[in-house]
Amino acid sequence: MSIWESLSTGMRKVAELVGVQESFLARAVQGRVPTKTPAQLSSLAIHKRFYTSLVLHDLVQEVPLNVVCRKYNCNKGQLQSLQQSAATFAGKLYYKMFMY
């Protein structure tokens, strides 16, 4: 929730456009994340992807790894794995766009 509150107005608008809801975040802080229906699971997935995109955003902005680790409560191995996955995906996307 503290990360959400620190986002700029523009970043919050993007979050809302992709489906992030402040009410969902408030329930999550209280430990009440509903996951019984497909719609609830989809909403959880949206919020997880947005959280991951915030991590990637910080990495692209060259925020030091130790700062990102503290901010998002993860370890360097997880960040390196995320970077590798993003690079692989970007490489495949580039190949599909420009090699066909």
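From the N terminus on, the elements of the protein run α-α-α-α-α-α. That comes to six helices and zero strands. Keep in mind that this is a predicted model.

**The whole chain**

Start with everything shown. The C-alpha atoms fill a box of roughly 45 × 35 × 25 Å, taken along the principal axes. Colour by burial next. Of the 100 residues, 19% count as buried.

**Stop 1: His47**

Select His47. It lies in helix α4, residues 38-60. Is His47 buried or exposed? His47 counts as buried because its relative accessibility is 8%, and the cut-off for buried is under 20%.

Show what surrounds this side chain. Leaving out residues up to four places away in sequence, His47 touches Gly19, Val20, Gln21, Phe24 and Leu25. Zoom in on Gln21. Its backbone nitrogen lies 3.0 Å from a polar atom of the His47 side chain.

**Stop 2: the largest pocket**

The largest pocket has a lining of 17 residues. Which of them lie nearest its centre? Select Met1, Leu25, Ala28, His47 and Tyr51. The elements giving two or more residues to this lining are α1 (2-6), α3 (22-29) and α4. Helix α4 supplies the largest share, six residues. About 360 Å³ of space lies inside this pocket.

**Stop 3**

Asp58 counts as buried, at 9% relative accessibility. Lys71 is partly exposed, with a relative accessible area of 41%.

**Stop 3: helix α6**

Finish at helix α6, residues 76-98. Select Asn75 and Gly77 at its start. A side-chain oxygen of Asn75 reaches to within 3.0 Å of the backbone nitrogen of Gly77.

Now draw a line between the C-alpha atoms at the two ends of α6. How far apart are they? The distance is 33 Å. At 1.5 Å a residue, the 23 residues of this helix should span 33 Å, so the two values agree.

Key: Residues are numbered from 1 along each chain as its sequence is written. This is a predicted model: local features need pLDDT of at least 70, side-chain atom pairs count only at pLDDT 80 or more; totals for chains, interfaces and linings use all residues. Side-chain values use heavy atoms; hydrogens and water are left out. Helices (H or I, at least four residues) and strands (E, at least two) are DSSP runs, numbered from the N terminus. Buried means under 20% relative accessible area, exposed over 50%, partly exposed in between (1.4 Å probe, protein chains only). A polar contact is a pair of N or O atoms within 3.5 Å; within protein, one must be able to donate a hydrogen and the other to accept it, and residues adjacent in sequence count only if both atoms are side-chain atoms. Contact means heavy atoms within 4.5 Å. The expected span of a helix is 1.5 Å times one less than its number of residues. On a 1 Å grid over the protein atoms alone, a cavity is a set of points where a 1.4 Å probe fits but cannot get out, and a pocket is an open set with protein on both sides within 12 Å along at least five of seven lines; lining residues have an atom within 4 Å of a point. Grid points are joined across faces, edges and corners, and a volume is the space filled by probe spheres set on the points.
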